[in-house]
Amino acid sequence: MSLTPSTMLALGTAAPEFELPEVVSGKLLSLADLPADKPVLMMFICCHCPFVKHVQGELTRIGQDYGDRLSIVAVTANDVDNYPADSPENFKQMATELGWTFYACYDETQAVAKAYTAACTPDFFLFDRDRCLAYRGQLDSSRPGNNQPVTGADLRAAMDAVLSATPVSAEQMPSIGCNIKWKPGNAPDYFGT
């Protein structure tokens, strides 16, 4: 199990545009399709990663608790030729089985993951109502095997702050997870390869 941290994109960065197939509905989803008055949470995850499996129940709860107040988009970007467990079909099954109330999208070209500087799974990017980056980093301090409960505390605090139009703490810890499985020759410069 690799340990890759978030890149910690600069706070205030504008949300990059995207257009991706949503695996449950089969429709294309873009940033412009999301309600303009709601904050946006982008989550880069996948099916096989033990770090994602460790927190997948909390991701479902976050969707249930916050989905009516902000737009949530989960994106899988792994190379499915070498990691077939992360196929769009398996991502759809994961979303269905976990009862996700948020979007689940497939980034085949990995261009969206690069635009957001996603590095690991899970990797979280929270944008305020102006679509400016307010939080990036960890869900909470729980990791597989460290015996800390999965609470979503860090991300929930950031979402609560954004929703109440109060400042999000600049003290943000990077997420840690498996590296995104880049296609051969496709790893971005920020990833250090």
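Strand β5 (71-76) is covered on both faces: S71, V73 and V75 on one side and I72, A74 and T76 on the other are all buried, where buried means under 20% relative accessible area, exposed over 50%, and partly exposed in between, using a 1.4 Å probe and protein chains only. With 6 of its 6 residues buried, β5 is therefore largely enclosed by the rest of the structure. Helices (H or I, at least four residues) and strands (E, at least two) are DSSP runs, numbered from the N terminus.

Before going further, a word on the model. It is a predicted one, in which local features need pLDDT of at least 70, side-chain atom pairs count only at pLDDT 80 or more, and totals for chains, interfaces and linings use all residues. Residues are numbered from 1 along each chain as its sequence is written, and side-chain values use heavy atoms, leaving out hydrogens and water.

**The sheet around β5**

Strands of a sheet pair through backbone hydrogen bonds, either parallel or antiparallel. Here, two strands count as paired if DSSP finds at least two bridges between them. β5 belongs to an open sheet of 5 strands in the order β6-β5-β4-β8-β9, with mixed pairing. The edges are taken by β6 (103-106) and β9, each with a single partner strand, so one side of each is left without a neighbour in the sheet. On average, neighbouring strands are turned by 20° against each other, direction ignored. Angles in this report run from 0 to 180 degrees between N-to-C directions, and axes are lines fitted to C-alpha atoms, for helices over the stretch in contact.

Now to the neighbours of β5. Strand β4 (residues 40-44) runs parallel to β5 and is joined to it by 5 bridges. V40 has S71 of β5 as its bridge partner, and M43 stands opposite A74 in β5.

Which strands does α4 lie across? The helix spans β4, β8 and β9, running at about 10° to β8. In α4, the buried residues are L155, R156, A158, M159, A161, V162 and L163. They pack against β4, α1, β8 and β9. After the helix comes A165, whose phi is positive, near 55°.

Two packed helices are described by the angle between their axes and the distance between the axes. Helix α1 (residues 50-66) and α4 pack at an angle of about 15°, with their axes 12 Å apart. They are therefore roughly parallel to each other; that label applies to angles under 35 degrees, with roughly antiparallel over 145, roughly perpendicular from 65 to 115, and oblique for the rest. From α1, the contact is made by E58, R61, I62, D65 and Y66, and from α4 by L155, R156, M159, D160 and L163, where contact means heavy atoms within 4.5 Å. These contact residues divide into 5 nonpolar, no polar and 5 charged. In this count Ala, Val, Leu, Ile, Met, Phe, Trp, Tyr, Cys and Pro are nonpolar, Asp, Glu, Lys and Arg are charged, and the others, Gly among them, are polar.

β10 (residues 176-179) is joined to β7 by 2 bridges, the two running antiparallel, and C120 has N179 of β10 as its bridge partner. Another 2 bridges join β1 to β10, also antiparallel, with P5 opposite I176 in β10.

**Backbone in the loops**

Most residues other than glycine have a negative phi, and most peptide bonds are trans.

| Residue | Phi | Loop |
|---|---|---|
| N147 | about 60° | between β9 (133-137) and α4 (153-163) |

N147 is exposed, with a relative accessible area of 76%.

Finally, the peptide bond from T121 to P122 is cis, with omega near 0°. P122 lies in the loop between β7 (120-121) and β8 (123-127).
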